[in-house]
Amino acid sequence: MTVAALAWVVTHGVAQPGNALAFGVFIAVGELARWWAVPGEREPAPLGAAGALAYALLGECAGAPTGHGAFQVVAVVVAGALVGAVPHVARGQGPALDHVARRVLTVGFAAVCFQPLYISGELDLRLGQGPGYALFLLVLLVLTALCDAVLAAVLLCARTGHPFWPLLRDELRALLGIGSAVCATGAVMALAVAVAGLWALPVFCVPLLLTQLSFRRYAAVRATYRQTIASLARATEVAGYTRPGHAHRVAALSTAVGREMGLCGPDLTLLEHAALMHDIGQLSLVDPVPEGATSSLPAAEQRRIALLGGAVVRQTGVPAAVAVVVEQQADPYRDQPLAARIVRVANAYDDLAGGSGAGAGGALTALERLRLGTGRDYQPEVVESLARVLGRVLA
């Protein structure tokens, strides 16, 4: 798509070069704002995304009709994104190719749906400038957001191997936050430029940057909160009650199994926090369990350690739902919530497989022992989900 767009622009020239330059600079500034992005942020450059979408939906500039077309939209978006990526490449981060590809495909979708209808006059002839035009833009924004969500889920599915539908649900849920703000800002920006001209771009730039900074501050607070929980989870390792890295391995396995079973959003966050703190009750023991392997203890002792762990978690300020999962991880699986079932299976697997040094043989032996315990201790569906996750990891 990029090659075709650049070839078209070279052949036909740049229509309204002032508009193209202004929006290209706006997109580049948005990409530069990724410098302070929080790792894992869903939309690291909302300013650039809103500017690109506004250019795709631009019909007039200060009352004068435009005619840049869908190919020029793609060319300007690619050029702005590459210019904005230069400092990141110089810093050694490299270009985020999936991020650029999503931006090009999503904006290209919006431009292909809007520009031919506008340039041909069909849009003005059939809808005019009244409520019908606004409704058309609204429908197009919804379809563009859905397109972006599907692309994001496909990329994550290809990169991680997690099931597609839970990832898509995560992306659709995220549309209610930063995604809807980007779409709405892009549409309003296009309408503002149609009336006020290019002076509308800096007017929108400042509040959007402030919103972006506020969102990143919130994301940084959440990241700090997660790091605090992870630090608490390491207390058992530092004190010698569990093997090094046990809590983080169990959390990673639990999260992967949760995704495999269709969990997403807040449920995955709850599961990760509970998995990190599942062994915190061992700090109340006088004598450590050998290698921290609680799965080999009698059921009554496992239950006692779990209740002690829940009591400790309740004193840390972590949500009560995490404490409930920690308390119930030693119950028969039919009496447990799904998160507790997953944590119990992941914990038992890490105990039985011998931790990070487990090879394929140790993994198969551990899975076989887990399958033998599905009558009372482990839910069969969770064990099979773990087997599929391990199959991808060990393949």
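UniProt positions are given in the numbering used here, feature names are shortened, and annotations may be inferred rather than shown by experiment. The model is predicted: local features need pLDDT of at least 70, side-chain atom pairs count only at pLDDT 80 or more, and totals for chains, interfaces and linings use all residues. Residues are numbered from 1 along each chain as its sequence is written, and side-chain values use heavy atoms, with hydrogens and water left out.

View 1. UniProt lists "domain: HD" at residues 246-350, in an unreviewed entry. This span is 61% helix and 0% strand. Its end C-alpha atoms lie 7 Å apart. Helices (H or I, at least four residues) and strands (E, at least two) are DSSP runs, numbered from the N terminus.

View 2. His 246 lies in helix α11, residues 246-260. His 246 counts as buried because its relative accessibility is 2%. Buried means under 20% relative accessible area, exposed over 50%, and partly exposed in between (1.4 Å probe, protein chains only). Leaving out residues up to four places away in sequence, His 246 touches Glu 237, His 278, Asp 279, Asn 347, Asp 350 and Asp 351. Contact means heavy atoms within 4.5 Å.

**View 3. Helix α12 against helix α14.** Helix α12 (residues 266-276) packs on helix α14 (residues 320-328) at an angle of about 55 degrees. Their axes are 9 Å apart. Axes are lines fitted to C-alpha atoms, for helices over the stretch in contact, and angles run from 0 to 180 degrees between N-to-C directions. The angle makes α12 oblique to α14. Angles under 35 degrees count as roughly parallel, over 145 as roughly antiparallel, 65 to 115 as roughly perpendicular and the rest as oblique.

**View 4. Residues at the α12 and α14 contact.** From α12 come Leu 270, His 273 and Ala 274. From α14 come Ala 321, Val 322, Val 325 and Val 326. These contact residues divide into 6 nonpolar, 1 polar and no charged. Ala, Val, Leu, Ile, Met, Phe, Trp, Tyr, Cys and Pro count as nonpolar, Asp, Glu, Lys and Arg as charged, and the others, Gly among them, as polar.

View 5. An unreviewed UniProt entry places "transmembrane region" at residues 70-90, 102-121, 133-157 and 178-201. Residues 102-121 are 95% helix and 0% strand, with end C-alpha atoms 29 Å apart. Residues 178-201 are 88% helix and 0% strand, with end C-alpha atoms 19 Å apart.
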